[in-house]
Amino acid sequence: MLFIMDNLKYILAGAFVTAIWLVLQETFCRMKGRRTWWFILLLRWIMGIYLTFIFTFTISPVYGFSFPHFKGNINLIPFMVFNALPEGMMNFLGNIFMFIPVGAILRTLTGKKQRPLQIFIGTGISLLIEVLQLFNMRGTDIDDVLLNTLGTILGWLFVNVIYTLGGYDRKEKKVTHKYPRRVSKVGSLVVLAVIVVMFVGFDSFYLVPESIDNKSVPVVATNGILICLDTNEIIWQKESQEPVAPASCVKILNALTVLKYCDEEELLVVGNEINLIAADASRGYLNIGAELTVRQALIAMLLPSGNDAAYALAVYTGRKIASNPDMEIDGALEIFENEMNCIAKELGVNDSNFCSPDGYDVEGQYTTAYDLALIGEAALENSLISEIAGMAYSHEIWRSGETAEYTNTNELLLHDSPYYLPDCTGLKTGTSTQAGACLIMSFTVRENHYIGVIMGSTKEKRFDDSILLYKTILEYME
């Protein structure tokens with residue numbers, strides 16, 4: 001229901017355009033001396049609306065499409081979906097149940113004699129979706145086609161059983177003879193639904209920049225965005241949808257992934273995975289064999305931006321997802337990174353790809369300032385991440401006896417810093433060769449909440465840039 005409310009413009013457009021299309025079709029039919037049963041017209045209208053819903057759910061926002069994504073995330077090996085169970089049960093069942101109405105409507109709409117074609121139409125719709133998803137970060141998966149086809153079959157069988165038990169077969173033959181049905185009409189609804197979603201989606205893309213208050217904010221950063229979370233209004237942006245390296249801002253997504261599967265008081269034992277970090281990486285100074293809680297490891301990752309803590313958390317969580325505490329490090333990391341991307345997609349992050357748990361520069365890893373704002377917003381909604389990311393300092397005593405003193409790398413939170421801002425509540429810094437100096441920041445100003453992202457700045461200027469965004473908030477509120 002929440003999805004429908006958030007995307008009501010697509011559904012309403014689909015309903016309106018489909019209605020107009022059906023009226024035009026019926027007008028031409030009657031000019032030729034033919035007419036369509038009112039029930040079939042109603043079903044076609046419902047089918048058009050539901051197809052719009054499916055394409056909205058699977059391919060929007062279309063402005064996340066990009067040719068660099070093509071062939072970037074494809075699985076053509078069937079039945080791999082079973083490896084993600086039981087954690088991926090919602091995705092498994094969702095792909096089936098989404099297409100049950102398709103099979104049910106097709107069975108009623110096109111007539112019993114064309115049963116193979118009805119199922120092929122469901123498969124064809126799914127294939128079209130997967131082809132379109134080649135151009136965004138949702139990726140293409142043969143298992144989605146198989147599950148969608150299964151849903152189509154189940155929907156067809158459900159209606160067929162009702163027809164058989166209710167004795168509607170004879171009535172159907174009479175109606176079909178009087179009002180001939182053609183499957184080709186369904187094809188036009190599919191094309192129409194795609195056009196509606198594409199048009200509305202691209203329309204949203206082009207309207208967003210015009211709604212921005214284009215104040216002159218002379219930041220050094222090459223990319224950035226500032227959003228009022230209470231109204232979802234973009235106050236300022238600069239190349240916010242251009243691909244950039246994410247740096248350690250990825251660690252916010254790392255934390256979200258960890259806390260989906262782990263309790264903060266679980267005990268984590270650091271292993272050889274911390275040797276995988278680069279020589280120049282930032283550290284939380286974990287040592288092999290150290291025992292600390294997940295919460296303490298999150299502090300070691302988010303405050304000093306410890307890459308070693310990011311790897312320790314990723315491997316621990318990856319093994320937990322796989323229910324295999326002895327899994328090899330590489331396998332656990334692969335599972336964790338895949339789950340990071342899945343969670344990102346659930347958040348509406350459609351123009352990013354994450355290939356490391358710490359954000360260190362690697363080939364194929366990219367994001368946008370807008371996507372990082374979405375991830376930051378989700379982090380603020382998590383009480384533990386929000387608490388940790390808002391800490392200025394922390395003194396920790398690990399379960400194995402070692403002590404650790406941490407200072408947050410976000411100087412907006414430090415009282416003795418020249419960049420200190422009392423209204424700042426977080427979130428995460430990042431620095432890498434490709435990304436430059438970055439910062440996801442959050443502010444609470446007069447009970448209003450804001451999130452800002454600065455990418456491609458310098459180590460000191462990112463805080464100056466952030467203060468400029470803070471001043472923009474104050475101007476915005478006047």
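The chain averages a pLDDT of 85, and 83% of the residues score at least 70.

| Element | Residues | Mean pLDDT |
|---|---|---|
| H1 | residues 2-6 | 49 (lowest) |
| H11 | residues 294-302 | 98 (highest) |

Residues are numbered from 1 along each chain as its sequence is written. Because the model is predicted, local features need pLDDT of at least 70 and side-chain atom pairs count only at pLDDT 80 or more, while totals for chains, interfaces and linings use all residues; side-chain values use heavy atoms, without hydrogens and water.

The axes of H2 (residues 8-31) and H3 (residues 38-59) come within 9 Å and cross at roughly 145 degrees; axes are lines fitted to C-alpha atoms over the stretch in contact, with angles from 0 to 180 degrees between N-to-C directions. Residues in the contact include Gly14 and Ala15 of H2 and Trp45 and Gly48 of H3.

The second largest pocket is lined by 24 residues, the closest to its centre being Ser282, Ser305, Gly430, Thr431 and Arg462. A pocket is an open set of points on a 1 Å grid over the protein atoms alone where a 1.4 Å probe fits, with protein on both sides within 12 Å along at least five of seven lines; lining residues have an atom within 4 Å of a point. Strand S9 (424-432) supplies the largest share of this lining, four residues, and helix H16 (461-477) supplies at least two.

Note on methods. Contact means heavy atoms within 4.5 Å. pLDDT is the predictor's confidence in each residue, from 0 to 100.
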